[in-house]
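Please look over the chain shown here. A short report on its layout follows.

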Amino acid sequence: MHSVFLLGFGGVGRALARQLVAARELHAARRNLRLEVVGISDSSAIIYDQHGLSDDAILGMIAQKSAGQKLSGPASQPISAIHEVVAQLPPRSIVVDTTATAQAVPVLLAAKAAGHAVVLANKLPLAGDLAWWDAITAGASRWETTCGSAMPVISTLTTLLDAGDQVHKIEGSLSGTLAYLAAQLEAGKPFGDAVREAKRLGYTEPDPRQDLGGRDAGRKALILARMLGYRIGMDEVSIESLYPASMDGLSVDEFLREVDSLNDMMARRAAELSAGGKKLRYAAVVQDGKCELKLLGADPSTKLGAIQASDSIVVFTTQHFSSNPLAVSGRGAGQ
Ligand SMILES: NC(=O)c1ccc[n+]([C@@H]2O[C@H](COP(=O)([O-])OP(=O)(O)OC[C@H]3O[C@@H](n4cnc5c(N)ncnc54)[C@H](OP(=O)(O)O)[C@@H]3O)[C@@H](O)[C@H]2O)c1
């Protein structure tokens, strides 16, 4: 039996809780395992019971949060009590961070110091200070869904590294939104139309600049680079933004109007990069100590060039997988 504490109860946290409840028999049959959820928190409250929350109580909290309410219940404590609660966790618990905030970092560090395991969907703690990286990734930790969502990217890289394979290069298309925009540009669509369409379809954050700036994909690439032993930070990741910094001061509506001013420049760039039948990709390249994200033209005969524009892919070129690199591809987004 392992006790599990869920830090964050948004889309991903609730999907995980649903999965934990639904997989009771599977876990018992395949692993002789029971994962007892002892606590759930959102940004304002913690529900904690060291003996474990019943599945009915968990499903009730999922319904409560899905209806837009805050977590509440008889055993509710304010989120400010989080350190006291973590200090009470049973030995060898698992703390799962599905928040999207660096405020989780002190909680994770305290959990690690107390000998608990941590599991992250949240990229921020792993893309921050190297001291956080060292502490959080030491020992029993997992961060599979930080890169490529449910695709087994992190476990594949871990397996290669554990086997002593030399990883020479990692290339990846790690943002569904940027992959969509690259495909639209390649098809000749004006950049502004493509951005507005992506927003209308719900592919972008409410402010599309958060996607166009490439920082989220940059964090994923940094996590892969750090797994290779690169001692670098976000400020050393070279990220091509698909809009100029001069547009940062605009409101979202102003940006969505003025983005058309980028149409000619982006069309020229797309034409240059896709000349000769190349496929336009917004890709991360991790190689020779450097981590870079940019628009590039991929040969259609390569794995990066051959995927469907809407899919994510990570390609590992290694000592063992050299002429035919190892690729993990598929649906790289979603809860
Ligand atoms: N969505 C995906 O497809 C996907 C895939 C892979 C990884 N991820 C990553 O998974 C994480 C969660 O994504 P999401 O879509 O579930 O986000 P979300 O819906 O915004 O959920 C975030 C949750 O964190 C809670 N929270 C915020 N500050 C907190 C704090 N200080 N202490 C405790 N809880 C706090 C929020 O509380 P409230 O409910 O009170 O606001 C909310 O429940 C993100 O880091 C994301 O990058 C997402």
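The centres of domain 1 and domain 2 are 31 Å apart, taken over C-alpha atoms. Domain 1 covers 2–146 and domain 2 covers 161–330. Such bounds come from an automatic or database domain assignment. This is a predicted model: local features need pLDDT of at least 70, side-chain atom pairs count only at pLDDT 80 or more, and totals for chains, interfaces and linings use all residues. Residues are numbered from 1 along each chain as its sequence is written.

Where do the domains touch? In domain 1, 7 residues are in contact with 8 residues of domain 2 (contact: C-beta atoms, placed from the backbone, within 7 Å). The domain 1 side has 5 nonpolar, 1 polar and 1 charged residues. Here Ala, Val, Leu, Ile, Met, Phe, Trp, Tyr, Cys and Pro count as nonpolar, Asp, Glu, Lys and Arg as charged, and the others, Gly among them, as polar.

Next comes the sheet. Its 6 strands form an open sheet in the order β9-β11-β10-β8-β12-β13, with mixed pairing. Strands (E, at least two residues) and helices (H or I, at least four) are DSSP runs, numbered from the N terminus. Two strands pair if DSSP finds at least two bridges between them. β9 (238–239) and β13 (326–330) stand at the edges with a single partner strand each, so one side of each has no neighbour in the sheet. Strand β12 (residues 312–318) runs antiparallel to β13, joined by 5 bridges. Valine 315 has alanine 327 of β13 as its bridge partner.

| Helix | Strands met | Angle |

Now the ligand. Around the ligand are 25 residues, and Gly8, Gly10, Val12, Asp42 and Ser43 come nearest (a residue counts if its C-beta atom, placed from the backbone, lies within 6 Å). By class, this shell has 7 nonpolar, 16 polar and 2 charged residues. Helix α1 (residues 11–22) gives the largest share, 3 residues.

Is helix α2 buried or in the open? Of the 8 residues of α2 (residues 24–31), 0 are buried, so this helix lies largely in the open. Buried means 20 or more other C-beta atoms within 10 Å of a residue's own, exposed 12 or fewer, and partly exposed in between, with C-beta atoms placed from the backbone. Just after α2, asparagine 32 has a positive phi of about 50 degrees.

Note on methods. Contact = placed C-beta atoms within 7 Å.
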